[in-house]
Each structure stands twice: as C-alpha cells, then as structure tokens.
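Please look through the structure shown here before reading on, and keep it at hand while you follow the text.

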Amino acid sequence: MFNMQKKPLIALSIFLVFAILLIVFNSSPVVKLFSSAVQSVFSVPKSIIYSLNTGNNPDDPTLSRLKKENDNLTRKLIDFERTKRDNEALKSQFETAETSSFKLIPARVIGTLGGLSSPISLITDHGSNQKIEPGMGVVSGNNLVGKVGKVGQNYSEVLLATNNSFTTLARTVTNGATGVARGQESFIVLDRVENIRQIEKGEILVTSGELNSSGIGIPNDLIVGKITSVNKIPSAVFQTAKVEPAINFAKLGTVFIVLSF
Amino acid sequence: MRLNYFFISSLFISLLLETTIFPYPLFYIFALLFYILIPSSATVFVVFLLGIVLDALRLSAIGATPAVLILSFILILLAQKFVNLRDYKVIILFLFLGAFAYAKMFNYSSNLLSYLIPFIICEAVVFYITSKK
C-alpha cells in the first residue's frame, strides 16, 4: 500500500520550489491570466451551488413583510435624525445638508469564507476587470455589509463587518456617540467611545463615513447594526458596546459595491 | 486505479464546496489522505494543480495551498520513519492536526468540535475502502 518512490523527498522538494516560485511571481501576467481563466470557468458552477444553498425561493411572506417594515422604520428614524442634525448645522452655517447619491455596482455572491454558520468574508463575482478596488464599501439596501478586501481579476473578497480585520468609524443614531466598529467574528464591537458619551441598548449604529485619498471608502449613515449590550466601567476612559449586525450575511445573494459616493 | 479516481473526484468536489457553501478544509484532508494512501509523483502533481485552482478561487496567493500541502507531505514522509502510517489512529491524528493548523492559517472555521466529527467519518470511509482491497 505504501510504495514510496526511491527519492520522494527530492520530488517533493522540486514541487515545493515550484510552489514558492508561484508565490513569488504572483503578480506576473501569466499567473494573473491563469487566475482569471480559472475564476471565469468556475464562476457559473459556484454561483449555482451558492444560490442553491442560500435558497432563491422566497422567504416566508409575513417575515419578508415585517423585515421590510422594520427596514423602512429604521430608515425613517435615521432620516429624521439626519434631518435634525442637518437643520442644526444649517442654522449655525457650518454645514450644508448633503444628499448622497452612490454609484453602485451589483455583485453576485458566489462563496463564503470563515465559520460554517457565521462567515467572515464573501466572495463576489466582480474583480479588477469590473474596476473593483480594495477598500470600497459594500452595501445591501441601507445596510453596511463590509468592505472589499482582496481583489482578483474576476473575483473579490468582501470583508464582512463581523470580520476581525474590519474596522470603520461609526456613531449611534440617537446620541451621536462616535467610536470604532470592529468585527469580532460573530458580532461587532463599538470601541473607543468616550465614557462621557451616552450609549444605550437598542440604539442603532450607523457609519460615520470614511474616504481615502483615491476617493474610495464607506459612505456615512449606513446601518451597521443594533446595540445589544454596553460595557461601561466608570474609571475607564472608553466604553464599548456589543452590536448585532442588521442583516444575516450568510443569506446574501447579491451585494452592491460602492464605486463612488 | 479506482482509488485514484475516487480521490481526484473528491478533491474536485471539495474544491467547489469549500469555496462556496462549506468553508471547511476538505481539500486539504482529501489531499493528505490521497498522499498517505497513494504516495506517488502523480498524486503530488494532481494535488499541486488543483491546489493552484483552489488558491485562485479563494483569492489566496497562488501557490500557497500547494506549498502548505507539500510541506505536509514532507512531514508525513519524515514522520513515517518514527510512526506507522498504516495505523489509522496515526492517520486520524495527522489529518486532525494538519487540518486544524491549515484552517487557522487560511481563515477557515477553527471550532474544535467541527473537526472531530468529520475526522471520525473520514476514518470510517478509509477503513471501508482499504479493507475491501
């Protein structure tokens, strides 16, 4: 059964050298071309398998209706708070009201990475060929999904808001307490919130918005999730809060990548 | 020969499943089993090629999976001087430790329990196949 070759170590070493060479020359045109061809070939079967799993069949109609209503109410609450804030800003002549119009591109989810029940990344069928770049925000409705991580020729990885590598500036809708939202695999933590600021359980957390020098980033006022618990130690400088994402990332079939905003 | 086809098909299916709906290092497990049971250059070549495909689908650095797998094969080769690889308990241990380390390295689920159960199933499959030979 174990008919080892005479010099298996030498053979394995040769293959290892090839593998290392591939890693070293990862950005060479030949490797990119191969990667692009593989991604194109597997795009359709992956898409079919993923959609079979997430279930394209419509959800329970009552549940869908309630979800929609909930989304609308949350949106109205955010709009109200934003209008209030903008009015205040207009009065003081420091800011002007801003209505964002994002340039979005829909991308089909064709895979997940991470835990079996709680993914930390999504793989989408859009890559650098579709002008996707790392750092672009990813949304679903008014909800923040995450941001683009690695980008291949035809695929890109979306780091979900629950991913350990994900961070973004965020603030609570009602009290405007700002902090940093960090992924913690199955939930999000709102960190670095000054202890003097008021944050409460049930509050909705939205993005504060961030933009890099290339004009890529995450728009503001996207729903990150809902605060489920607050950890406040009186003697500490900062307080933290646990945030549950507003959407089930494992069930997303299509997401929207923010090209510009 | 039939075992060869079984493993090549398993590797191919694993490749599709673990990059879409089942983020679990199935490919790594089947590749190790393949090499333990059929340690030939052809096995290494097939694993190498499919490993590159896996890297492209998972957006990892192309060559990372084959490099880790070949290092694991070298470890197996060196370890068989000290342990008996015909012993299924040793195989289980190898697969379990290897897959767990691989999962940590490539951002798969690292829940310990989710590894124990499938390993026992894999062991049962291998035992069934080899006992029929």
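**Confidence of the model**

This is a predicted model, and the scores that come with it are an ipTM of 0.83 and a pTM of 0.77. For chain B the mean pLDDT is 84, and 96% of the residues reach a score of at least 70. Within chain B, the element with the highest mean pLDDT is α3(B), at 93, whereas helix α6 (residues 113-132) has the lowest, at 74.

**Where the chains meet**

The contact between the two chains is made up of 40 residues from chain A and 34 residues from chain B. On the side of chain B that touches chain A, the elements that contribute two or more residues are α3 and α4 of chain B. Sorted by class, that side of chain B holds 24 nonpolar residues, nine polar residues and one charged residue.

**A strand with partners in chain A**

Strand β2 of chain A, which spans residues 119-124, has six of its six residues buried, and it is therefore largely enclosed by the rest of the structure. Strand β1 (residues 103-114) of chain A pairs with β2(A) in the antiparallel sense, and strand β5 (residues 156-160) of chain A also pairs with β2(A) in the antiparallel sense. The table sets out these two pairings, with the number of bridges in each and one pair of bridge partners.

| Strands paired | Bridges | Bridge partners |
|---|---|---|
| β1(A) and β2(A) | five bridges | A:T112 and A:L122 |
| β2(A) and β5(A) | four bridges | A:S121 and A:L159 |

Most residues other than glycine have a negative phi. Which value does phi take in A:R192? In A:R192, which is not a glycine, phi is positive and lies near 60°. This residue belongs to strand β8 (residues 188-194) of chain A. A:R192 counts as partly exposed because 16 other C-beta atoms lie within 10 Å, a number between the limit of 12 or fewer for exposed residues and that of 20 or more for buried ones.

B:L59 is likewise not a glycine, and its phi is positive, at about 60°. B:L59 sits in the loop that runs between α3 (41-58) and α4 (64-79) of chain B. Is B:L59 buried or exposed? B:L59 is buried, because 22 other C-beta atoms lie within 10 Å, and the cut-off for a buried residue is 20 or more.

Note on methods: Residues numbered from 1 in each chain as written. Chains lettered and ligands numbered in written order. Predicted model: local features only at pLDDT ≥ 70, side-chain atom pairs only at ≥ 80, totals over all residues. Pairing = 2+ DSSP bridges. pLDDT = per-residue confidence, 0-100. Contact = placed C-beta atoms within 7 Å. Nonpolar A, V, L, I, M, F, W, Y, C, P; charged D, E, K, R; others polar.
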